[in-house]
Amino acid sequence: MIEKMKFLSITGPKTDIDRVVNTYLSRYEIHLENALSELTTVENLSPFLEINPYREALNTINGFYEELENPEKISPAKLKLEEALSIVRRVKEETQELADTRARLEEEFEHVTESLRIIRPFRNINYDLSSILKFRFIHYRFGRIEKEYFEKFKNYIYDNLDTVFIKCEEDDEYIWGIYFMPHHEAHKVNAVYSSMHFERIFIPDEYNGTATEAFTELQKQYDSIQAQLEENKNASLKYLKDNSRDIVSAKEAISHLSRNFDVRKTAACTHGEKDNFYILCGWMTKKDSDAFLEDIKDDHRIFCLVEDEEGAEQVTGKAKTPPTKLKNPKLFKPFEMYVKMYGLPAYGEMDPTWFVAITYSFIFGAMFGDVGQGLLLAVGGFLLYKYKHIELAGIISCAGVFSTFFGFMFGSIFGFEDILPALWLHPMSNMMTVPFIGKLNTVFIVAIGFGMGIILLCMIFNIINSFRAKDTEKSWFDTNAVAGLIFYGSAVVCIALFITGHSLPGGIVLFVMFGIPLLMIFFKEPLTALVEKRAEVMPKEKGMFVVQGIFEMFEVLLSYFSNTLSFVRIGAFAVSHAAMMEVVLMLAGAESGNPNWLIVILGNLFVCGMEGLIVGIQVLRLEYYEIFSRFYKGTGRKFEPFRFR
């Protein structure tokens, strides 16, 4: 069902808004609307412009909160504003030294890492680096060259060039080294090396001793800084752990105040000669609105006007559609997921959750009737729903109950049909005779009959919804309205009489039963205009109207036929399930009386998983395309309170 909603307009002195929000509104669920856009008939309104004073403190404490381990498991203490802000200041100050130290160490670590990266390929040079870097008459360059080019350089150029290349390190692709050349040959030698794709590496003048000694010293610094960073991290974690409850409590208190302060975004302000007032508008459930009014009855600083959707239209000056909040029993609660996937019902529209719960579970059970597999689905789904709160598991559990029921009706348990007696029939073997057609499987006929009943029921739901919405065409002249109900209902009656061997009504009765409803559907637009007393009844393009009407009538008749036949899948899957289990038992050798139980178990698990998934999808398709499409729009908007209890 859909909760009854009330529209509230709350006003009071502008300076009193925080007290009202913190004292009253934070205790109730209210879907706030933007007062400026709602109160279009009220003049001299302006937005409530103030900067959130809690935002900075909240960002600070959020940074510490995110570093905690499993903060959601810590129960917060109730704090006043000053206590929460005091905790934020204290934690920030006490962690600042650790943060500064960490920043300094990270900068040093980055510098040492870069120095190590540069010197690592040249660490085998057992010569003082600072001396090399101070050469005046001999030029040098550190760098690397690809192996392919180095071999060409060594074989064809090196012996004819005034240079010395000292190889330091190599890998699969490059060779690192230093080359030296005389001052007067530098330009020529550098050009040759460049043509060989030599990549120069600049060595900063900061290394002491040989390259080996410099590398060893840098490695010690690297290890030392890394250890200090780890120590700093552990100290930070220990501090956060020791103060975790204070951090969680402060975050909870400041978040609460910040959210409440943000209510100003939806508020409007009036401007008087002496006093300024705030105005808040929103929707509450009838139960909450009654409790709220009882709560504020002795508070003379608040004035509240409560209206339903029609009264809200008079207050705001425009039509108002309340948000939708679903309220269903726990048994039907998981099926709200399917309704929300299609679209929430509009306020005043019928909530189809209960209908989905019943029809989905029933159809699933009929298509997947097996006592053993049904119990597995029911128990497994129930446990997952109870302990993991998975909505789909709750749906599977309900469907499993009906699978178990139909398993008894079909006499099937884990595919064996000779253990339990069938309370109704065996899907694969039971046949019935249909006039002019011959023998058909009974479950096919029953499935079509069930589908006809569902379609008729959906038409009734559509008529109820249309009457509520005061939609004349959808109530009387549409394919799912009264005209469609009479036509399709007449067809169902005639088919039932034909199959049972009874004679059909006379020609005049058949014309009234079929002809008049079809004419009403054909002329639905002129009839609607006539009932609503519009000036123009018939469209100007009458020829186009007739042609379009003929094609639409063909589509209507075809859709009635196809939608009805779509329910044959219920019987088809009931038969296919029995057939698949028969194949499993054949593979297990059940006919010999000594089946392979491993194959029986694995086969049941496979069928339960694969066919259960397919059946679940097929039933959902029936719900959406054959059922929902006849009476349900799903155009509602979600009830979103600014703060949950």
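Student: Which helices each supply at least two residues of the lining of the second largest pocket?

Tutor: The model is a predicted one. In it, the second largest pocket holds about 570 Å³ of space and is lined by 21 residues. The helices that each supply at least two residues of this lining are α16, α18 (482-499) and α21.

Student: Which helix gives the largest share of the lining of the second largest pocket?

Tutor: Among the residues nearest the centre of this pocket are Ile-448, Met-452 and Ile-495. By class, the lining divides into 18 nonpolar, 3 polar and no charged residues. The largest share, 8 residues, comes from α18.

Student: How are α16 and α21 oriented to each other?

Tutor: Helix α16 spans residues 442-469 and helix α21 spans residues 542-565. Their axes lie 8 Å apart, and the packing angle is about 125°. Angles from 65 to 115 degrees count as roughly perpendicular and those over 145 as roughly antiparallel. The two helices, α16 and α21, are therefore oblique.

Student: Which residues of α21 make the contact with α16?

Tutor: On the α16 side, the contact is made by Ile-448, Met-452, Ile-455 and Met-459. The residues of this contact divide into 6 nonpolar, 2 polar and no charged. From α21 come Tyr-560, Asn-563, Thr-564 and Leu-565.

Student: How many charged residues does the lining of the largest pocket have?

Tutor: The largest pocket contains about 850 Å³ of space. Its lining comprises 33 residues, and those closest to the centre are Tyr-347, Gly-348, Glu-349, Arg-468 and Ala-469. By class, this lining has 11 nonpolar and 7 polar residues, and its charged residues number 15.

Student: Which helix supplies the largest share of the lining of the largest pocket?

Tutor: Three helices, α11 (309-316), α16 and α23 (597-631), each supply at least two residues of this lining. The largest share is 5 residues, and the helix that supplies it is α16.

Student: What is the relative accessible area of Phe-414?

Tutor: Phe-414 is placed in the loop between α15 (391-410) and β11 (431-434). Its phi is near 55°, a positive value in a residue other than glycine. Most residues other than glycine have a negative phi. Phe-414 is partly exposed, with a relative accessible area of 30%.

Student: Is Lys-533 buried or exposed?

Tutor: Lys-533 is found in the loop between α20 (524-531) and α21, and has a positive phi of about 60° although it is not a glycine. A residue counts as exposed when its relative accessible area is over 50%. The relative accessible area of Lys-533 is 76%, so this residue is exposed.

Technical notes:
Residues numbered from 1 in each chain as written. Predicted model: local features only at pLDDT ≥ 70, side-chain atom pairs only at ≥ 80, totals over all residues. Heavy atoms only, no water. Axes fitted to C-alpha atoms, helices over the stretch in contact; angles between N-to-C directions. Helix = DSSP H or I, 4+ residues; strand = E, 2+ residues; numbered from the N terminus. Parallel < 35°, antiparallel > 145°, perpendicular 65-115°, else oblique. Contact = heavy atoms within 4.5 Å. Nonpolar A, V, L, I, M, F, W, Y, C, P; charged D, E, K, R; others polar. 1 Å grid on protein atoms, 1.4 Å probe; cavity = no way out; pocket = protein on both sides within 12 Å on 5 of 7 lines; lining within 4 Å. Points joined across faces, edges and corners; volume = space filled by probe spheres on them. Buried < 20%, exposed > 50% of the residue type's maximum accessible area, 1.4 Å probe, protein only.
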